[in-house]
Amino acid sequence: MAINTNSSNVAVRENRIGSITGYVGSLKDLAQQSECGTLKGCARCFSQSSTCLSQCGLGQLAGIRDVAIIHHGPAGCSVAGAGAYYLDKTMAKKRGVTNNTVYVGTDMNEKDTIFGSAESLRRIILEVNRRYSPKAIFVSSSCATGIIGEDIDSIVDDVRDEIDVPIAAVHCEGFKSRIWATGFDISDHAVLSSIVQPPKQKRNTVNFKNFYESARPEIIEMFREFDLEPTFLYCNSTVEELSHLSEALATTCICGTLGNYLGNGLEEKYGVPYVRTINPLGITGFETWLRAIGEATGRSEKVEKYIAEQRAIYIPQIEEIKKELKGLRAVLGMGPGYTFEVSRVLNELGIEVVWALAWHYDKKYENGDVPPSMKYLLDNGVDFEASVADQQNYEVMNILKKYQPDLYLSRHPGSTVWAIKNGTPAVYVADEYMIFGYKHTLEFAHSVLNSIHNRSFEANLAKRVKLPYTDWWYEQNVDKFLVEAKK
């Protein structure tokens, strides 16, 4: 699908790439329906929890150094700013840089929601620019402004000549999509449409979309072997760096869900190759990813030399620990960019995946292909029971009770803690680089072993915690609350 940067609005994932939040079946069925275009999502007559897409979208933009986020909505909407502010300052300090990004709420009241507050927003934009001198300004809508039809585009266009930095309207109404990852697309669209400039010259850089750049030093060192320099996005990046994204040799990402929109947009608009492979998690993922980068940048020979050197160091150690992992059974609950990638890694390590939950599922990416993680599993004959459930912990608990796995893995602490209360050993895959490459795959395998061998905490906690789930619920199938979505 063509990406239109002339419009400030982004089509939601449900409509753009057929994403769903409800499904129960098998991996093979999910992948085959995706390929042939027959996949239809289900709705829930009961939903326990979810996440607001504005937190994902504005949280990404707030990670850019020295910008201003103006969240046009009631004070309650701006609560997301507290978490973003703390995280941005922490990540900047860890990196040794300063991030002077400000997150401002416009504090809409009842009068504003009835009569509108366009003039007030205009004054706030100009005052934020005068007071903080940001490098860029992002003006975001909210559910309230979306409901009353506040025209933030016209307001932004009206003040553009009075401000000498990039400014963009960001349509981040929380209700516009059930899939919070749409927020990632919205932030990418804002950057593509307001900051990225046409290329003037090619650079030896690779755009690397990630969350919090925790493996930055080792990735810089690794890319130096290939005479390449990574540009990490968006955490701690600068507006100046972002303006040159079109001059990179390629774009890649640590998570397909996170980086798909930006990668396709840069390729479509500026011809920057987007590396579409399985993620660099585990041995197969890492080597596939490196070889694709080598091919896109003309560094294949250097990449093969690096792979051979690293395999000699780590493969014997990984093969040895696999002997202890073989036969373990696991359940996963993560975003789709990790669920089906970590499933592959577990399969590589000899661990059986008995059920995988994805918080949502993208039927096809912007280029029309099934997500590479799903295609790999299908092509290699891997199958297991799977479901798509938007952070529904009550479904996770049902599955854990029924299957009694040796291990539960999640990228969200709220899900992990419930598994532990249930007595199930859990691994919190918080760091996006926890299974990155040879070294971290080995460390991950040791983490799994440590969780399996030290179960006393989970056992003692489970004896002392009374869970809210009844025997009746544990006897139900997990599709109990699923109904066919209305057309």
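Student: Which helix gives the most to the lining of the largest pocket?

Tutor: That's α4, with seven residues. Keep in mind that this is a predicted model.

Student: Noted! Which other helices supply at least two residues of that lining?

Tutor: Besides α4 (80-95), you'll find α3, α15 (336-348) and α18 (413-421), each supplying at least two.

Student: What volume does the largest pocket have?

Tutor: About 1,200 Å³. Its lining counts 44 residues, and the closest to the centre are Cys56, Phe211, Tyr212, Arg411 and His412.

Student: How does that lining divide into nonpolar, polar and charged?

Tutor: There are 21 nonpolar residues, 18 polar ones and five charged ones.

Student: Back to α3, then. Is that helix mostly covered or mostly uncovered?

Tutor: Mostly covered, with eight of the ten residues in α3 buried.

Student: Let's switch to the sheets. In what order do the strands of the four-stranded one run?

Tutor: Read across, the open sheet goes β4-β3-β5-β6, and its pairing is parallel. The edges are β4 (102-105) and β6 (167-170), which each pair on one side only. From one strand to the next, the twist averages 15 degrees.

Student: And what does α3 touch there?

Tutor: Helix α3 (residues 53-62) packs on that sheet and touches β3 (68-71), β4, β5 and β6. The direction of α3 makes about 155 degrees with that of β3.

Student: How many bridges link β5 and β6?

Tutor: Four, with β5 (residues 137-140) and β6 paired in the parallel sense. One to look up in the viewer is phenylalanine 138, whose bridge partner in β6 is alanine 168.

Student: Which strands does α8 lie across?

Tutor: Helix α8 (residues 152-159) lies across β5 and β6, and runs at about 175 degrees to β6.

Student: What about the six-stranded sheet, what's its order?

Tutor: That one is also open, with the order β1-β12-β11-β10-β13-β14 and mixed pairing. Its edge strands are β1 (22-26) and β14 (426-428). The twist there averages 15 degrees from one strand to the next.

Student: How do β10 and β11 pair up?

Tutor: Strand β10 (residues 329-334) and strand β11 (residues 352-358) run parallel, joined by six bridges. For example, arginine 329 has glutamate 352 as its bridge partner in β11.

Student: Which strands does α19 touch?

Tutor: Helix α19 (residues 437-453) packs on this sheet against β13 (407-410) and β14. Its direction makes about 145 degrees with that of β14.

Student: One more topic: what's the volume of the second largest pocket?

Tutor: About 410 Å³. It is lined by 25 residues, and those nearest its centre are Arg276, Thr277, Ile278, Pro372 and Ser373.

Student: Which elements give two or more residues to that lining?

Tutor: β9 (250-253), α13 (282-297), α15 and α16 (372-379). The largest share comes from α16, with four residues. Notice that α15 also supplies at least two residues to the lining of the largest pocket.

Student: And how do the residues of this second lining divide?

Tutor: Into twelve nonpolar, eight polar and five charged.

Definitions and conventions: Residues are numbered from 1 along each chain as its sequence is written. This is a predicted model: local features need pLDDT of at least 70, side-chain atom pairs count only at pLDDT 80 or more; totals for chains, interfaces and linings use all residues. Side-chain values use heavy atoms; hydrogens and water are left out. Two strands pair if DSSP finds at least two bridges between them. Axes are lines fitted to C-alpha atoms, for helices over the stretch in contact, and angles run from 0 to 180 degrees between N-to-C directions. Contact means heavy atoms within 4.5 Å. Buried means under 20% relative accessible area, exposed over 50%, partly exposed in between (1.4 Å probe, protein chains only). On a 1 Å grid over the protein atoms alone, a cavity is a set of points where a 1.4 Å probe fits but cannot get out, and a pocket is an open set with protein on both sides within 12 Å along at least five of seven lines; lining residues have an atom within 4 Å of a point. Grid points are joined across faces, edges and corners, and a volume is the space filled by probe spheres set on the points. Ala, Val, Leu, Ile, Met, Phe, Trp, Tyr, Cys and Pro count as nonpolar, Asp, Glu, Lys and Arg as charged, and the others, Gly among them, as polar.
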